[in-house]
Amino acid sequence: MTTKNFWKAVGFAGLALALMFGGGCRRETATQAAARTVMDANGRPVAITDVSRVVAAGGSVTEIVYALGAEGALVGCDASSLYPEAATKLPQVGYVRALSAEGVLSLRPSLVLTLPEAGPPDALAQLRASGTPVLTVPAEASIEGVKRKIRAVAQALDRQPQGEELIRRLDADLVQAQAYLAGRAEKPKVMFIYARGQGAANVAGRDTAAAEMIRLAGGVNAFDFEGYKPLTAEAVVAAAPDVILLPSRGLQSSGGVAGVLAMPGVKQTPAGRNQRIVAVDDLLLLGFGPRTGQGVLELARLLHPQK
């Protein structure tokens, strides 16, 4: 080998070594940058060392990941992840309450983000036993709960500044909703119906996401019991709601306004007689995600239409 060819070979070797070790350093730096401990919804520490492959189970969690601009790390999500539409194109891992551990693990996630209602417990235990960090983020149906949820996801993904920006936007949307409600003293009585198909309807009482949204939008929930109960003619007539509210998909699966009017007792209520039946997008209404302020404003406009 000539001297010239020798130094040429050394140069190529050096370049190869630089790329090899340089790339390795960048990879290590990225992993180290993501290393953190985040407290889950139950106050348990979850060590996160790699956010390169994330599975999101829970519509609002998936929405937050997109809103933070971290969707490039998503390798899968669950069936409740309906927004944005791009999320519906990702590999699916079942419904958040009925996850398949095998399905999740087949995506080789480095992190699973989910909600307290995630299950079944055996599937979550299997995921954790595999060594995959599973972070259950807080999910109270309140504005403060939304902020805690956003901050937990942002911390997990090392996107705290973007998380604070989402919270600023949420507050701005709520200010707009409050401005719309200013001077509107009337508080219509609202009955929320959760229905999936005709003949399977429940109504919402207190301590539910629907009741909180009705309150934020300047209405009064029609029922005072806790949680959900099956819809009955006697209860509906006695409640005498001014407005009936459903998620958009629930209204569609119930046969539209005509289908709701055909439910037991509905035609005997002020809402039924005046056909005041309104719907809001499912996640916007019940998700308590980053668009909750927009949902409050939309519902406020439906409950308090301009005259």
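**Notes on the model**

Modeller: T114 lies in strand β7, which covers residues 111–114; strands (E, at least two residues) and helices (H or I, at least four) are DSSP runs, numbered from the N terminus. Please keep in mind that this is a predicted model, in which local features need pLDDT of at least 70 and side-chain atom pairs count only at pLDDT 80 or more, whereas totals for chains, interfaces and linings use all residues. Residues are numbered from 1 along each chain as its sequence is written, and side-chain values use heavy atoms, with hydrogens and water left out.

Colleague: OK, so is T114 buried or exposed?

Modeller: T114 counts as buried, because its relative accessibility is 0%; buried means under 20% relative accessible area, exposed over 50%, and partly exposed in between, with a 1.4 Å probe and protein chains only.

Colleague: And what does the side chain of T114 reach?

Modeller: The side chain of T114 comes to 2.8 Å from the backbone oxygen of A57, a polar contact (N or O atoms within 3.5 Å, one able to donate a hydrogen and the other to accept it; residues adjacent in sequence count only if both atoms are side-chain atoms).

Colleague: Changing topic, how many aromatic pairs are there?

Modeller: The count comes to 2 aromatic pairs, where rings of Phe, Tyr and Trp (its six-membered ring) pair if their centres lie within 6.5 Å, and planes under 30 degrees apart are stacked, over 60 edge-to-face, the rest tilted. One of them joins F192 and Y228, whose rings are edge-to-face, at 6.4 Å centre to centre and with 70° between the planes.

Colleague: Which parts does the pair of F192 and Y228 tie together?

Modeller: F192 belongs to strand β9 (residues 189–195) and Y228 to strand β12 (residues 228–230), so the pair ties together parts that are 36 residues apart in sequence. F192 counts as buried at 0% relative accessibility, while Y228, at 38%, counts as partly exposed.

Colleague: And how is the pair of F223 and F225 arranged?

Modeller: F223 and F225 form a tilted pair, with 5.3 Å from centre to centre and 35° between the planes.

Colleague: Which residue lies over the face of Y83?

Modeller: That is R291, at 3.5 Å from the ring centre of Y83, and the charged end of R301 likewise sits over the ring of Y180, 5.8 Å from its centre. The rule asks that NZ of Lys or CZ of Arg be within 6 Å of the ring centre and within 35 degrees of the ring normal.

Colleague: Staying with Y83, what is the peptide bond to P84 like?

Modeller: The bond from Y83 to P84 is cis, with omega near -5°, and P84 is placed in the loop between β4 (74–77) and β5 (94–95). Another cis peptide bond joins G119 to P120, where omega is about 0°, and P120 sits in the loop between β7 and α4 (121–129).

Colleague: Last one: what is phi of D158, and what about Q275?

Modeller: D158 has a phi near 60°, a positive value in a residue other than glycine, and lies in the loop between α5 (143–156) and α6 (160–181). D158 counts as partly exposed because its relative accessibility is 37%. Phi of Q275 is near 50°, again positive in a residue other than glycine, and Q275 lies in the loop between α11 (270–273) and β14 (277–280). With a relative accessibility of 51%, Q275 counts as exposed.
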